[in-house]
Amino acid sequence: MELAEPARKSSIWEKLSVERIKIELLRTAYGQSRTFLSRFDPRMLIGWYSFFAIAPWFIHNKTVLIGMLLAIAVLTYTSKPSVLVFIVLAFGLVTDTAYMLIVALAFGGGLPAALALSTLTLKLLVIALASIAVFSSMDPEKLSDALLSLGMPAQFSFGVAYGYRMLPILIEEYNNLLYSYRLRGRTPLRKGLLGWRSLVYMGKISILAFYPLILNTAKRTRTTVEALEVKGFTYAVKDPKVKRIKLAYLKILPRDYAFLAISAIYVAFLFWLGNQYTL
Amino acid sequence: MALQSTEEQPIIQLDNVTFRYPGAEANSLEGVSLSIYRGDFIAIAGSNGSGKSTLCKCFNGLIPTYYSGDMEGTVFVDGIATAERSVAELSRNVAYVFQDFENQLVRPTVYDEACFAPLNFGYEDYKERGMNALRMLEIEHLRNEWIWQLSGGQKHMAALAAALALDPDVIVVDEPVAQLDPAHARVIYEKLKLLNERYGKTIVVIEHHTEFIADYCRKMVLMERGGRVRWVKSVAEGLSAVSELNEMNIQPPQVTQAFHALCREQAIEGALYPITIEEAALHWGSAAKRELPSTDAYASAASSSRSAGEPLVRFEGVISGYQGIDRKKKPILQGIDLSIHEGDRIALIGNNGAGKSTLLRLISGLRRPWEGKVTVCGRDTRKSTPEELSDLVAFLFQNPEEMFIADNIRQDVEYFLRARQQQGIEPFIEDVLRRFKLTELQQRDGRLLSGGQQRRTTLAIGMAMRPTIMLLDEPTASLDIASRKELTLLFDQLRDEVKAVVVATHDMQLVADWANRVIVMNEGRILLDTDSRTVFQHPDILDRAALVAPQIVQLCGRLGIEPACLSVEQFIAYMERAQREELVYGIG
Amino acid sequence: MNAGSMTKRWELTPQQKLMIFILSMSLYGISNMITELIPELKIGPIELKVEYFIFIPLLFAILFNPLYAALGACFGEVIFGELLLGQFGGLGELEKFIEFALAIFVAGMLVKNPANRRQLAIAAYVAIGIDQLLGTIVDIGKVYFGIEDFEAVPGLPESVLAIEGFAFLNAMIVSGTLFALLPTLYLVPRLYGKVEPLLGMKPRDGRASASLGDFVTPRLIILSIVLFAIAGAAEFMAESDINFIDWESEFIAGLGDGAIWISMGVAAVIFIVSLIWIVSRKSGKRKGEMV
């Protein structure tokens, strides 16, 4: 499988080539390694996460929030998330804050509004980092098993495994279909202002390429579903025994309790600290 | 080759089975009665559309449970009628490996795939069962591999392991050779043989490559059009029925064809022909001792073209490759120097990962060299886009379905010219469609065509681009032999219009029949650049590139005929000449 | 595969539904991955961005089955666009999930005849309209709900409405036309009758039938709604924070340490409840199986 080529002559294609995207995606999806958090039980982690996703909304004390942020930032660091994830996070945060600031300024808010926004940003940051720390280090299959045990339909966990299986193949196929358009098509003769003609051409074929992709995928899905029938998947979905066997490996161990206990003590300490020194 | 003793009750038994797909106009199976016994290794052969796959889908209940067509007659598996059991239940007796094995793999890793079925059936020891299956096939080392990173052969192996995990009595494999190169296909068959001999599994293969049938199977079922069983015979008997097989578009092994042509008269009525190289070598062992110069039909085609003028394509010290997941550069081509001239018909051969596809992509401009320079008709590919180069180069992908981007075949063929807003193209398009026998099919979608029709379509697409150079990636992969022959004939159509053709292939028959220049690649380097006759004189190089010479070439090697005959016809001519001369010497 | 359907109303077998689900999931998932990575173009307040390829699930909703297409697409987005990229957003995904599924489902149900271009155009705008409208309402609701005396602040309601309204119109016109209307009008007539044989089924005739019950368990719906409510409430709280803070210092000064202990108490309760929930789920399941 070919992944990407380094750009020599940098055209818009090279900068935005599907091959580039592909390599980024594959790196994130398949590059997982063991991290500190990945050692714990995924269900415990989901519970842990839901605390840090919800509690900050009710906490107005910046000391506590900063304390939480520090701890979560360390955990996020240990889970080695990809640069891509950070870019998306930073982007979301910047746009959200900017939007809020515009609203605030629109009705003549000054320093208090900015201050209020900084608390809000802090909260959003805690929540976002908590999700990155937990979910980016968690093996998606483990996560899907945890969700399965929490009542998600079995189709979801099948989807995760299938996604892993098909992702590179679908991207490769999409890429080749784009090549087919390029090898038989023709770029606009004039590039237009800021190359807008090229941009439109590019956008057009990236959408058009979904047409053959849909047809090809339809064909392959037929065999897949037939194979799923033979492999008993359609029956297993309805069988609680299968779910139990599949999830038997999920066990909450003493270290999970220890982790929860330490987190609880740390949070309690933060509240005490926040009580002493309110920012 | 004797039939092994079997137990009394057949493991699979069909009683007068007739089946019609919903909405179909004709029956796909017509009054089929068939018994398969425990421990059999049986091949089901027949022309396209003779109902081979339909027959096998009856064994595991996909018919009539999943395909709810009209069915008459009964199918018994292990003495129980399939109509009384579900597909899932039957899967414990009969495993099925689809021809399209790629899409039957639904899990991310090999181990996961192997455990999937036992888990779904609620076996507590599903992990152990999965591992057992991997152990039986001796592929434990692949357990943690991502399936998408496997080679075709390894994927097929994973599919087989998944089928084995339920420990079935019968394993049905639909055309194992179709999607694989010959060397990998042989590995699969070796494993099937192992399963049959060591673990006592009953193996049913759908197969029309008779050389594999000869080497591995013991019994053979011949299906004919309309879904009838013509006969069930032992393989030796079955393959000796040369004229009957030819009638069904099935080619007997090359040695059998040769024997049929040479010794028909001498052979006693009903006697068995040699079907493997060993048997053939035994038969002709004495006849061909003498050294004779073989025919010179091909002699110097390659060397003559090479001097002529400026090359069409020139590689100068080209290094290229891709970036791995770890962001490290992985060079695939390491310093390629190559010139392609007018009149070249190049077969590019080598194992998977040798760099064949990368080389083709460099010419098409889809990929650019890291170092060195690729020039196509005087244009530096680094300074041109693939769109610009497509005026000169047509690149046909390995998977035809990735080339069907328009609404129907005709529009696909027209696409290139329409994009260039050329007027009055209809007569030309009509002509191309006619030449590639697509006029009847032009309104259909390529994906619903047979493999051979799909290839013809891609060739037509390429031709309609009026290229100077045509590049083809594995054009004969997954074709039956009749379509292969047809395709090789169509290649001759290219000769007048296209100045040079480069074909990346594993198909040694194509190399022998068509190419006038052969380039062997290995680990990103050119190992050998020669003509098709010479290449077969280097068994060491063929070995390194994981290639298998055509059977007749191997036979020549065994008999000490040098240079080897490249086709059955040449061999027959050679043997006839040898006999004549023997006669002459005998008299003198 | 569907012999029975010749006489009956156009209906899919469970296997065919699974096909639609997988198809919608993998294709929308892939497209979602791609759109996530395409940078956007901002000219002043006008955002030219590739929001999503909403036409993909819409095609399947129109051609086959709205419910499975909608669910497949949502799963595809979460799996490909979030999980595999390590961007799973936790609770925040739920809101999107519900809005999007509803939009595709309703739009798909609207089309009776896939060959009718007017119906297709309506469905395309309805799909993106429902999705964007729900999003906008939730956003405006958050600010409205969150800021006390919202109407008393001069210019605020207008500015919020203007910003949200503009974003909505922008999405409707740009994304709605480029990624819903045009591709749908182009692709549906081409795929109708062409993609079905590849899946081994007959083209649909008449309105598709869909039964919610066989896929979505009531428990899942209730769970989703509850979590949705929690997520929504939590976000309201966050928004409300903006204005509370102005007087928060006084509030804290007035109440002393009490406020902090209230917050901490709430936090602790949530912490314990979520723990109990998980543990009880686990033991409950065990018991359930023993029976």
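Contact here means heavy atoms within 4.5 Å. Keep in mind as you click around that this is a predicted model.

Start by selecting B:Arg230, which sits in strand β10 (residues 228-234) of chain B. B:Arg230 is partly exposed, with a relative accessible area of 31%. Now show what surrounds this arginine: setting aside neighbours within four places in sequence, B:Arg230 is in contact with B:Leu222, B:Met223, B:Glu224, B:Glu244, B:Glu247 and B:Met248. Zoom in on B:Glu244, whose side chain makes a polar contact with the side chain of B:Arg230 at 3.0 Å. Then pick B:Val32: it is 198 residues away along the chain from B:Arg230, yet their C-alpha atoms are separated by 9.6 Å.

Zoom out and colour chain B by domain: domain 1 (12-260), domain 2 (261-284 + 550-588) and domain 3 (303-548). The centres of domain 1 and domain 3 of chain B are 33 Å apart, taken over C-alpha atoms. Where they meet, 14 residues of domain 1 are in contact with 13 residues of domain 3. Together these two domains of chain B bury about 1,100 Å², with 55% of it on carbon and sulfur atoms. Select helix α7 (residues 182-198) of chain B next; with three residues, helix α7 gives the most to the domain 1 side that touches domain 3.

Last stop, chain A. Select 257-274, one of the spans that the unreviewed UniProt entry annotates as "transmembrane region". Residues 257-274 of chain A are 100% helix, with end C-alpha atoms 25 Å apart. Then try 147-164 of chain A, which is 78% helix and 0% strand, with its end C-alpha atoms 17 Å apart.

Definitions and conventions: Residues are numbered from 1 along each chain as its sequence is written. Chains are lettered from A and ligands numbered from 1 in the order in which they are written. This is a predicted model: local features need pLDDT of at least 70, side-chain atom pairs count only at pLDDT 80 or more; totals for chains, interfaces and linings use all residues. Side-chain values use heavy atoms; hydrogens and water are left out. UniProt positions are given in the numbering used here, feature names are shortened, and annotations may be inferred rather than shown by experiment. Helices (H or I, at least four residues) and strands (E, at least two) are DSSP runs, numbered from the N terminus. Buried means under 20% relative accessible area, exposed over 50%, partly exposed in between (1.4 Å probe, protein chains only). A polar contact is a pair of N or O atoms within 3.5 Å; within protein, one must be able to donate a hydrogen and the other to accept it, and residues adjacent in sequence count only if both atoms are side-chain atoms. Domain bounds come from an automatic or database domain assignment. Buried area is the accessible area (1.4 Å probe) that two parts lose on being put together, summed over both.
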